[in-house]
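Please keep the sequence and the structure in view while reading.

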Amino acid sequence: DSVWLTGSGQKHSQLLKFTREGKFLQQFGKPGMNRGSADTSNLGQPANLTVDPVSNEVYVADGYGNRRVIVLDADTFAFKRMWGAYGNKPDDTPLGPFNPDAPPTQQFRLPHNIAISRDGFVYVADRPNNRIQVFRKDGIYVNEVFVSKRTLLQGAASGFALSTDPEQRWLYMIDGANHHVWILERQSLRIVARFGQQGLWGGALNV
């Protein structure tokens, strides 16, 4: 088991790996060296990551500076593959302000959270686009769901967690703009419920 460390600051373009005792093991990328979403040697203000123990790969939601998912070998840090929204080649062309009435953008605005289910699907929360997209591990697009699609501000898809039951039947999405937690049936992406409202008292959320 290892400890993985990265950050979303302006010059954070590296991924660090440590033992649980704090011994430095490895580094991918160098501070301040990000050259955009086509760069296979550096990150760009990554938002989150997950490690796939099956394939021994690390998946990074490389989102605050870049607009992609990037996959590395967890041992060697060799670049394996990357993709943007819908499995497209990542593209840093400015998307302009979010418009809920426009057709869905073909690139991520900010891939903010990432997880891999036990049955081998990769889930990515595209925060300002108010959506979660589903991929196969090779980056092939499978499906998407929009949640609270008209949300502006920082977007609704702040993050999520998969349920811990054997089938991981549920996906719990944190909506930081509207202060809700949405409950989705994971395989169908059907929204079944939500809970929470903004406040500082017991049972309220301020996320």
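Strand β14 and strand β15 (residues 190-195) run antiparallel and are joined by five bridges; strands here are DSSP runs of E with at least two residues, numbered from the N terminus, and two strands pair if DSSP finds at least two bridges between them. The model is predicted: local features need pLDDT of at least 70 and side-chain atom pairs pLDDT 80 or more, while totals for chains, interfaces and linings use all residues. Residues are numbered from 1 along each chain as its sequence is written, and side-chain values use heavy atoms, with hydrogens and water left out.

**Strand β14 and its partners**

- Within the pairing with β15, Trp182 has Arg194 as its bridge partner.
- Four residues lie between the strands of the β14 and β15 hairpin, where Leu189 takes a positive phi near 60 degrees.
- β13 also pairs with β14, in the antiparallel sense and over six bridges, and Trp170 stands opposite Glu185 of β14.
- The hairpin of β13 and β14 has four residues between its strands, and His179 in the turn shows a positive phi of about 65 degrees.
- Six of the six residues of β14 are buried, meaning under 20% relative accessible area with a 1.4 Å probe and protein chains only.
- His180, Trp182 and Leu184 point one way from β14, whereas Val181, Ile183 and Glu185 point the other way.

**Nonpolar cores**

- The largest nonpolar core has 16 residues, of which Tyr123, Ile132, Phe160, Leu171, Met173 and Leu184 touch the most other members; such a core is a set of buried Ala, Val, Leu, Ile, Met, Phe, Trp, Tyr and Cys residues joined through side-chain atoms within 4.5 Å.
- Elements giving two or more residues to this core are β9 (121-126), β10 (131-136), β12 (159-162), β13 (170-175) and β14 (180-185).
- A second, separate core of 13 residues includes Ala61, Val69, Val71 and Ala85.

**Surroundings of Asp62**

- Asp62 lies in strand β5 (residues 57-62) and is buried, with a relative accessible area of 0%.
- The side chains of Asp62 and Asn66 are joined by a polar contact of 2.8 Å, that is, a pair of N or O atoms within 3.5 Å, one able to donate a hydrogen and the other to accept it.

**Overall form**

- The protein has zero helices and 15 strands.
- Its C-alpha trace spans about 40 × 40 × 35 Å along the principal axes.
- Of the 207 residues, 49% count as buried.

Methods. Buried means under 20% relative accessible area, exposed over 50%, partly exposed in between (1.4 Å probe, protein chains only).
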